[in-house]
Protein chains: 2
Amino acid sequence: MIIVGFDPGLATLGYGVIRKELKKKAEVLDYGVISTPKDENLAVRLCMLERGIKQVLDKFKPDEIAVEELFFAKNVKTGIAVAHARGVLLLTVNKECGRLFEYTPLQIKQALTGYGRADKNQIQQMVKTFLGLKAVPKPDDAADALAVALCHAQTNKLGSLFFI
Amino acid sequence: MIIVGFDPGLATLGYGVIRKELKKKAEVLDYGVISTPKDENLAVRLCMLERGIKQVLDKFKPDEIAVEELFFAKNVKTGIAVAHARGVLLLTVNKECGRLFEYTPLQIKQALTGYGRADKNQIQQMVKTFLGLKAVPKPDDAADALAVALCHAQTNKLGSLFFI
């Protein structure tokens, strides 16, 4: 099964693509970010995000998609910007694929580390370990997207990531 | 020139369609709301909004579109929900029409009443007056959408609404 994880953002939207079969180790297929320029207007940036999301979906034709939920927020302005991008993400994913799952940051932390208060570094180390990578994936938004995809693989009865 | 105004929202997204020619009185063509059920999941609701927005644009083929800007927020949770919807709105409008203008609540109040602190009732009365309606348009989100469209007509050198 191919799973795409998305970490929503307006300036940088992360994606991570993994393959996970029952009782087999998760395998990374691709990861990266879709970026939009800060000096461009909002509607144009949202169109750029849609195009980038569609390219990822067209290329990998995922069976299921996992998206991080939005919890807010210390910075309301940032939260509003991310929510605009997330609206476009959910719309596009739902139209193109349909099998969409959402996870809270807490669920992602628990799925990957067994500990709801794990910090960013711990999560990234687990992403590296589960996917057998030599280094932590960069940038952070791509690593976060892989973490959501792994969380979905773990949660969705594809077998524990710990005991494959 | 045909102008569509949109008042963004997730549960209720208002639209108002007017015709305004230079030195002629603004004329209402249509107004209403696109509603989504609260018990449906977010991605599905965003798809419903997209469909409704497209229907309005396809039917009236507006020359220009005006959307209210989002300022926040007392209620962050509501703000985040509206921003998801607004992301879909801006994306769809930009793809379908391209001539998109945004106005702050302050700009809308000033354009319609000449007074930045006008209340909802004053705005609605001016919408009624400018469009020669017998009553204030209902629901409120539709009246707000007509107000954005009128603000654009006024601001965009189509002649003052006061001295047509």
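In this predicted model, chain A holds an open sheet of five strands with mixed pairing, ordered β3-β2-β1-β4-β5, where strands are DSSP E runs of at least two residues, numbered from the N terminus, and two of them pair if DSSP finds at least two bridges between them. Because β3 (27-35) and β5 (100-103) of chain A stand at the edges with a single partner strand each, one side of each is left without a neighbour in the sheet. From one strand to the next the twist averages 20°. Strand β4 (residues 64-68) of chain A pairs with β5(A) in the parallel sense over four bridges, and Phe101(A) in β5(A) is the bridge partner of Ala66(A).

Two helices (DSSP H or I runs of at least four residues) lie across strands of chain A, as tabulated here; angles run from 0 to 180 degrees between the N-to-C directions of axes fitted to C-alpha atoms, for helices over the stretch in contact (heavy atoms within 4.5 Å).

| Helix | Lies across | Angle |
|---|---|---|
| α1(A), residues 42-60 | β1 (2-7), β2 (12-19), β3 and β4 of chain A | about 165° to β3(A) |
| α2(A), residues 76-96 | β1, β4 and β5 of chain A | about 170° to β4(A) |

The largest nonpolar core has 51 residues, of which Phe6(A), Ile53(A), Phe6(B) and Ile53(B) touch the most other members; such a core joins buried Ala, Val, Leu, Ile, Met, Phe, Trp, Tyr and Cys residues through side-chain atoms within 4.5 Å, buried being under 20% relative accessible area (1.4 Å probe, protein chains only). Its largest share, nine residues, comes from helix α1 (residues 42-60) of chain B. Apart from this core lies another, of 21 residues, including Ile18(B) and Ile123(B).

Residues are numbered from 1 along each chain as its sequence is written, and chains are lettered from A and ligands numbered from 1 in the order in which they are written. Local features need pLDDT of at least 70, side-chain atom pairs count only at pLDDT 80 or more, and totals for chains, interfaces and linings use all residues, while side-chain values use heavy atoms, with hydrogens and water left out.

Technical notes. Buried means under 20% relative accessible area, exposed over 50%, partly exposed in between (1.4 Å probe, protein chains only).
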